[in-house]
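Please read them alongside the coordinates.

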Amino acid sequence: MQNLKPQHIKASGPVSDKEPRLIAQDVSIFYGDKEAVKKVNLSFQPNTVNALIGPSGCGKTTFLRAINRMHDLTAGARVTGQIMLDGANLYGEGIDPVDVRRRIGMVFQKPNPFPTMSIYDNVVAGLKLAGEKNKTKLDSVVEKSLRGAALWDEVKDRLKAPGASLSGGQQQRLCIARALAVDPEILLMDEPTSALDPQSTARIEDLMETLKEQVTIVIVTHNMQQASRVSDTTSFFLLGDMIEHSPTAQMFTTPKDQRTEAYISGKFG
Amino acid sequence: MTPSITKPRSRSLSSRSDQTFQAVILGLASMVLLIAGLYAAVLLLGGIPAFAKEGLGFFFGTNWDPVSEEYQAFPFIVGTFVTALGALVIATPLAIASALFVVEYAPKWLAQPVANLVELLAAIPSVVYGLWGLFVMLPIMRSFQTWFVLTFPSLGWAPTGIGLFSAMVLLAIMVIPFISAISRDVIRLVPNDQREAAYALGATKWEVIRYGIFPYARAGILGGVILGLGRAVGETLAVTMVIGNANRIAPNLFAPTATMSSVIASNFNEALGAMVPALIAIGFVLFVFTMIINYVARIIILRLTPQGIRL
Amino acid sequence: MTSSLPTTQSKGLTRTLSPKRRLENLSATVIIGILTVIVLLPLFAITYEILSQGIGNINLGLFIESPKSVIDTSGGGGVAHAIVGSIMMIAIGLVIGLLVGVGAGIFLAEFSEHKLVPLVRLFADVLTGIPAIVVGLVVFQALINSRIIEYSAVAGGIALGFIMIPIIVRSTEEVLKLVPVSIREAGLALGLPRWLVTMQIVLPAARAGIVTGIILAISRVGGEAAPLLLTALGNNFFSLDPTKAMAALPLAVYKYAFSPFEHLIRQAWAASFVLVLLIFISSLIARYVIRERN
């Protein structure tokens, strides 16, 4: 077993006393003929942090990107099955992916603030570009989102500075603020700290504890310690299959599947 | 009716607006295709009266006579190709040599300014070259030709200055910077390990160039030369100003003659009657030739460039 | 760029370099050197001539006066009419050049899986090599000969626009492709439709490069006289009427070159100098922008 002392593992929070908000049913994802994700079934409760772990190429990121219909943009990619958000199928007939992405936000592996925009404009990009002109409203959204991303105090005096002038960790928090500004219900995070230094990583991990009061988080991470620190549930992916899904504490102390155990104890991956 | 995913927003923010956007962009992009088609169609249709009147004689006949309204374009086709090929024969070794000099021989403080100068000269407009050709080059050329004719009187050439040779030389001067710049880029792109491997085997500088660099750069340079040919074929005003505009095939290297582009430029504004379709027909021939030359250059660069070099 | 040669000074190595190879190397160096000098001679001559003749003949009158009447041989007058004409026709050309050029550039970069993309790219490439005079011929035949419009600045501008299109297409495509994919993804993940992401996020990010492409296109057509000969015809008088014949700087150079009047020939040189100077400045700007970007 890797150095996972019990106190490093998140205490099991209220995981199963609410109706699941986001449910994936028999979701398969194909790139051409290759089946990258095979009939995955998962459900996520509101206001929880849920980690997806597994070795490289296991399909966890592919699955994540299906949730906000990013595969619509890839030629040759095909998603089958259903993903239900509050009872409505995101892949249903006539559903506009653009609408889906207003309700489900995403933060990417490498911080990607919009290069020609100021900090202020970056945060409100989702609103301003969509036509919101009310300055008072925009100002309040900026403050709320930057506070929510724990960045407000550091940048409140230089909101007009270019987004690119921030450090790596600050840029990623800016991207989180930007995603929060459109008021999503779900926030998807694709290895959000893998390009950051340990301090910035710790700050963002701390952030997730407060963030989950606003949004439900699904985070892909290849860092198991991170998963055990921040998440309420963990799902283990391997070669396109979802092997096991459990409350985090349980997954890391008493995994049900042998393969999960092997991965967690570092035998491969 | 499936429940809507979110409250209704304006139409312009949905995927529907994307379809409009794609249609607009597609429309603009198709204009590129339409314009190319327009060139071909307009020139062909405009030139048909001339083609019809002369038949094959249009291409191979040498009689360009406004009086009898007979217009045959062979002299100009010949003129274009002889000037262009002659210019390339002169320009290519010079251009490659200067490119090699800049990349392989010159110290850094010399290489950059020389390269910049060459690049600037590639951008000088044709008229300005023509002006220089007319007032500076021609007097020198006249002196040279006079000397030449006196040295070889039996040839019977006339040292007018204006003529085929001047056009070739001026064209060469114009095309050298173009080919040199392309060659320079190609040579610079040859990976350094090619050079170092050759040096490590004890090769001299020339051998490194010959065996380490040329095999890689060959295709790109050839492509550049062919693009230079395309440029030379299309060159108009500078050539018009020094070639003499005589509507027949040059009997010797110093004689005045004309090219397809020069005959159009010099006759167009006064052209009447059957001359107009004839000039347009010549334009069509010019169009086809340059399309083919550019297409061939593109294929050569694309197909024959070895891996590791991207132009 | 030169690598340092392995030294052949030490005794053991000189023996392997045969005299034949050494001679070959030396001759190659000498020949390349001589050829380069031959190349540089006319280049220096031209630069020198343009500078000396041009600077010597530059005066304020060149820029603000228009030609005096043909009978007045006292000298003086200027090319103001040609400067204005050039600006007008380039502006008209830019309308077409930008719309189609940037539009097609967006098509090639953002919709790269579309089946028409290879064809559009091929045609844009090949169109860059079409001689300017052929473009002028097409505009003449299609618009002027068919009596749709007369010899005019509009016709000239259209011809210039056609020439600019392929240049702007290729540079726009190149620059758009440099914008990282993750920027687009971030925009889309905010729930913005693709057209907003392209126009409000990607295009502004590529702004500098696109402007550079436009500057290069302008400096290319600014010197073209051949197509204007057949479409704008030129004009000896100052005019602001786009529907009538119009003067242009390169056209003025062409016409004055054959003039019997000394002062007009000097104006031709001065105008050439101005043209080359503008082209030089725009290439400097372009190079500066590219360096900033990297």
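1. A polar contact is a pair of N or O atoms within 3.5 Å; within protein, one atom must be able to donate a hydrogen and the other to accept it, and residues adjacent in sequence count only if both atoms are side-chain atoms. By that rule, 7 residue pairs, both at pLDDT 80 or more, are in polar contact across the interface of chain C and chain B.

2. The model is predicted: local features need pLDDT of at least 70, side-chain atom pairs count only at pLDDT 80 or more, and totals for chains, interfaces and linings use all residues. Residues are numbered from 1 along each chain as its sequence is written, chains are lettered from A and ligands numbered from 1 in the order in which they are written, and side-chain values use heavy atoms, with hydrogens and water left out.

3. At the interface of these two chains, 86 residues of chain C are in contact with 84 residues of chain B (contact means heavy atoms within 4.5 Å). Chain C and chain B bury about 7700 Å² between them, 79% of it on carbon and sulfur atoms; buried area is the accessible area (1.4 Å probe) that two parts lose on being put together, summed over both.

4. The rule finds 2 salt bridges across this interface of chain C and chain B, a salt bridge being a side-chain nitrogen of Lys or Arg within 4 Å of a carboxyl oxygen of Asp or Glu. One of them links Asp125(C) to Arg298(B), with the closest N and O atoms 2.5 Å apart. Helix H2 (residues 19-57) of chain C supplies the largest share of the side of chain C that touches chain B, 19 residues. Helices (H or I, at least four residues) and strands (E, at least two) are DSSP runs, numbered from the N terminus. By class, that side of chain C has 64 nonpolar, 15 polar and 7 charged residues; Ala, Val, Leu, Ile, Met, Phe, Trp, Tyr, Cys and Pro count as nonpolar, Asp, Glu, Lys and Arg as charged, and the others, Gly among them, as polar.

5. Over all chains the structure holds 31 salt bridges. Among them is Arg65(A) with Glu185(C), the closest N and O atoms being 2.5 Å apart. Arg65(A) lies in helix H1 of chain A and Glu185(C) in helix H8 (residues 181-189) of chain C, so the pair joins two chains.

6. Chain A has an open antiparallel sheet of 4 strands in the order S2-S1-S4-S5 (two strands pair if DSSP finds at least two bridges between them). Strands S2 (34-44) and S5 (88-89) of chain A are at the edges with a single partner strand each, so one side of each has no neighbour in the sheet. S4(A) (residues 77-85) and S5(A) pair over 2 bridges, and Met84(A) has Asn89(A) as its bridge partner.

7. An open sheet of 6 strands in chain A has mixed pairing and the order S6-S7-S8-S3-S9-S10. The twist averages 20° from one strand to the next. S3(A) (residues 49-53) and S8(A) (residues 216-220) run parallel, joined by 4 bridges; Val49(A) is partnered there by Ile217(A).

8. Phe236(A) has Glu244(A) as its bridge partner. Their hairpin has 2 residues between the strands, and Leu239(A) takes a positive phi near 50°.

Key: Axes are lines fitted to C-alpha atoms, for helices over the stretch in contact, and angles run from 0 to 180 degrees between N-to-C directions.
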